[in-house]
Amino acid sequence: MKLGIVGLPNVGKSTLFNSLTKAGAESANYPFCTIDPNVGVVPVPDFRLKLLSDLYQSEKLTPATIEFVDIAGLVKGASKGEGLGNQFLANIREVDAIVHVVRCFEDTNVIHVDGSVDPLRDIETINLELIFADLEVLERRIAKTGRGAKNDKALAKELASLEKLKAVLEDGRQAKALEPEDEDEAELIASLNLLTDKPVIYAANVAEDDLADDGASNAHVQAVRKYAAGEGSEVFVICAQIEQEIAELDEEEKKMFLDDLGLKESGLEKLITASYHILGLISYLTAGVQETRAWTITRGTKAPQAAGKIHTDFERGFIRAEVVNYQDLLDCKAYSAAKEKGLVRLEGKDYVVQDGDVILFRFNV
Ligand code: GDP
């Protein structure tokens, strides 16, 4: 799963990206933290892992991860090839969701590309570029579909959907604003992989002083919240600069620092967790002496496919799953005790795996 960080220059993208990857490298001991300078693998915070690995005295603890991509260079005119425009738009096409950083902090030392702090104007500048890029894709598809549509009912229907979508974009709205009429239309739209169809989280980058009340007294943040509500997107208030400082600290210092600010978790942790959920992802867990680990699946995944995340053999030879809720397991203090109490269930191939299930798979090789 990949999230792309976008935003105008100088809004704090790199600061946020660096603190994300730094925090990732420090906290998880994860071997592939930086794949390339613009891609970072970040562990998903999960308090359950530590508790389980303590119970099992596991040698290793492996969190679920998501990838963040720093997509710099998105500027006004990018869709027309300004800057390195089109190349960056291609990078965004590969991500599952977008984190759109908007500047809500005032600082005369940090120049704004458009001269003043105005998050709504910034959001619209970026969104317009994304819309233009989508229109280009759509126009190409319309031309192609149009050629065959005269003698083909299915293609004619497709063409009508494409034209409808085009009208939405030309109206300055995003692809996700269109409610698909039926399955076919939903599938068609999904197949286009449009930028403005991807889920968005707005990260409102505020000054340190605005953190305590979650940006409530910052008019810029209020404006972003209202805008995001209109399109059904979420807003997260962060201070990229503080996150960068927090990322440098060890666990204990971090806790003290957050306490001082009146916060329970860092903005990054909130952002990562929220991204995970927005993507419809959950984790199941495996626990043992060798390793305690979280595995990422989409909500609704059945047991054999969940097993397939560990190894394709597990899916192919799936017999059954032994499942216990992590809290039940912790309460019983041992797997055997949970089993005696009847809290370990035997589940078959139709079982839909739940967030927080601790699973032992039985399979034929
Ligand atoms: P990018 O171009 O969007 O990647 O922006 P950068 O992350 O490079 O940040 C641009 C400038 O803004 C840098 O000088 C940062 O130190 C500064 N900056 C980033 N976040 C904050 C913030 O939360 N508050 C303040 N005052 N400055 C920030």
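# Close-up views of a predicted model

By class, seven nonpolar, seven polar and two charged residues make up the shell around the ligand. Here Ala, Val, Leu, Ile, Met, Phe, Trp, Tyr, Cys and Pro count as nonpolar, Asp, Glu, Lys and Arg as charged, and the others, Gly among them, as polar. The model is predicted: local features need pLDDT of at least 70 and side-chain atom pairs count only at pLDDT 80 or more, while totals for chains, interfaces and linings use all residues. Residue numbers start from 1 along each chain as its sequence is written.

View 1. The ligand is surrounded by 16 residues. The closest are Gly12, Lys13, Ser14, Thr15 and Ala240. Helix H1 (13–28) and helix H8 (240–247) are the elements that give two or more residues to this shell. H1 provides the largest share, three residues. Helices (H or I, at least four residues) and strands (E, at least two) are DSSP runs, numbered from the N terminus.

View 2. The protein has 14 helices and 13 strands. Its radius of gyration is 23 Å, close to the 21 Å that the globule rule gives for 365 residues, so the protein is as compact as a globular protein of that length. The radius is taken over C-alpha atoms, and the rule is 2.2 Å times the number of residues to the power 0.38. Along the principal axes, the C-alpha trace spans about 65 × 60 × 35 Å. The protein is divided into domain 1 (2–45 + 63–116 + 198–278), domain 2 (132–196) and domain 3 (300–363). These bounds come from an automatic or database domain assignment. The centres of domain 2 and domain 3, taken over C-alpha atoms, are 42 Å apart.

**View 3. The largest nonpolar core.** This core holds 84 residues, and Ile5, Tyr202, Ala203 and Ala204 touch the most other members. A nonpolar core is a set of buried Ala, Val, Leu, Ile, Met, Phe, Trp, Tyr and Cys residues joined through C-beta atoms within 7 Å. Buried means that 20 or more other C-beta atoms lie within 10 Å of a residue's own; exposed means 12 or fewer, and partly exposed falls in between, with C-beta atoms placed from the backbone. Helix H4 (residues 119–149) gives the most to this core, with six residues. Leaving aside neighbours within four places in sequence, Ala203 is in contact with Leu16, Val99, His100, Val101, Phe236, Ile238 and Leu271. Contact means C-beta atoms, placed from the backbone, within 7 Å.

**View 4. Two loop residues with positive phi.** Most residues other than glycine have a negative phi. Asn10 has a positive phi of about 70° although it is not a glycine. Asn10 sits in the loop between strand S1 (2–6) and H1. It counts as partly exposed, with 13 C-beta neighbours inside 10 Å. Lys333, also not a glycine, has a positive phi near 70°. The loop between helix H13 (326–332) and helix H14 (335–340) holds Lys333. Lys333 is exposed, with 10 other C-beta atoms within 10 Å.

**View 5. Asn193 and Leu55.** Asn193 lies in the loop between helix H6 (183–192) and strand S7 (200–205). Asn193 is exposed, because 12 other C-beta atoms lie within 10 Å. Leu55 belongs to helix H2 (residues 47–56). Leu55 counts as partly exposed, with 18 C-beta neighbours inside 10 Å.

Note on methods: A residue is near a molecule or strand if its C-beta atom, placed from the backbone, lies within 6 Å of it. Two residues are in contact if their C-beta atoms, placed from the backbone, lie within 7 Å.
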